Amino acid sequence: MPTRDEAWKLLCEYTQSENLRKHALAVEACVRAYARKNGADEQLWSLTALLHDFDYERWPNDAHSPDQEHPAEGAKILRERGYPEEVIRAILSHADYTGIPRLSALEHTLFACDELAGFLTACSYVRPSKSILDLEVSSVLKRLKDKAFARGVSREDVRRGAEELGLPLEEHIAFCIAAMREAADSLGLRGTIAASAG
């Protein structure tokens with residue numbers, strides 16, 4: 001199994017965008033926290049989350065082709081580099097258009113955390129503090145209802161993600177906020193809140 005350091009290098013090799021790298025770190029923080037909660041393999045889950053979109057910048061797949069571009073190109077690269085099939089299958093299954101059904105806990109968790117992590121980041125950026133450290137669940141729920149806010153985030157996927165985990169949406173949001181707070185500095189989401197207050 002490749003190390004996290006190797007996975008991070010692979011991500012950086014294919015992803016120049018700072019925002020996309022931070023998105024990978026945000027999803028990783030959430031998925032890793034769920035691995036810990038569920039007694040699952042933290043390393044495996046962490047690498048899966050970190051690399052779920054590593055090929056997206058190069059092969060964005062606007063046509064939603066099931067077997068070309070993102071995530072199919074990434075899957076080929078991961079196979080060549082010796083990543084476990086469990087990681088590759090989870091990454092393929094996070095995009096509905098691949099036609100690969102989500103079956104494992106890892107697959108459901110990656111899907112559930114992907115869109116939500118992006119949405120929580122957007123919610124943090126518009127706070128006066130620009131921080132996740134004072135982001136509340138009620139504020140996130142309110143913004144989910146505002147269709148004009150973070151338009152690119154699928155509300156349906158956020159809702160379905162919580163359902164696939166068998167959790168109330170509020171609980172899933174609170175869990176992911178807590179996970180991302182632990183990684184606030186690497187995500188650039190501390191904002192103006194001083195380290196001592198974190």
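User: Before we get to sizes, what counts as a pocket here?
Analyst: A pocket is an open set of grid points where a 1.4 Å probe fits, with protein on both sides within 12 Å along at least five of seven lines. The model examined here is a predicted one.

User: OK, how much space lies in the second largest pocket?
Analyst: The second largest pocket holds about 160 Å³ of space, and its lining is made up of L25, E28, A29, R32, A33, R36, A179, E182, A183 and S186.

User: Which helix gives the most to that lining?
Analyst: Helix 2 does, with 6 residues, while helix 2 and helix 9, the latter spanning 169-182, each supply at least two residues.

User: And how do the residues of that lining divide by class?
Analyst: The lining of the second largest pocket divides into 5 nonpolar, 4 charged and 1 polar.

User: Switching over, how much space is in the largest pocket?
Analyst: About 770 Å³ of space lies in the largest pocket. Its lining consists of 30 residues, and of these H23, D53, Y56, D114 and E115 are the closest to the centre of the pocket.

Key
Residues numbered from 1 in each chain as written. Predicted model: local features only at pLDDT ≥ 70, side-chain atom pairs only at ≥ 80, totals over all residues. Heavy atoms only, no water. 1 Å grid on protein atoms, 1.4 Å probe; cavity = no way out; pocket = protein on both sides within 12 Å on 5 of 7 lines; lining within 4 Å. Points joined across faces, edges and corners; volume = space filled by probe spheres on them. Helix = DSSP H or I, 4+ residues; strand = E, 2+ residues; numbered from the N terminus. Nonpolar A, V, L, I, M, F, W, Y, C, P; charged D, E, K, R; others polar.
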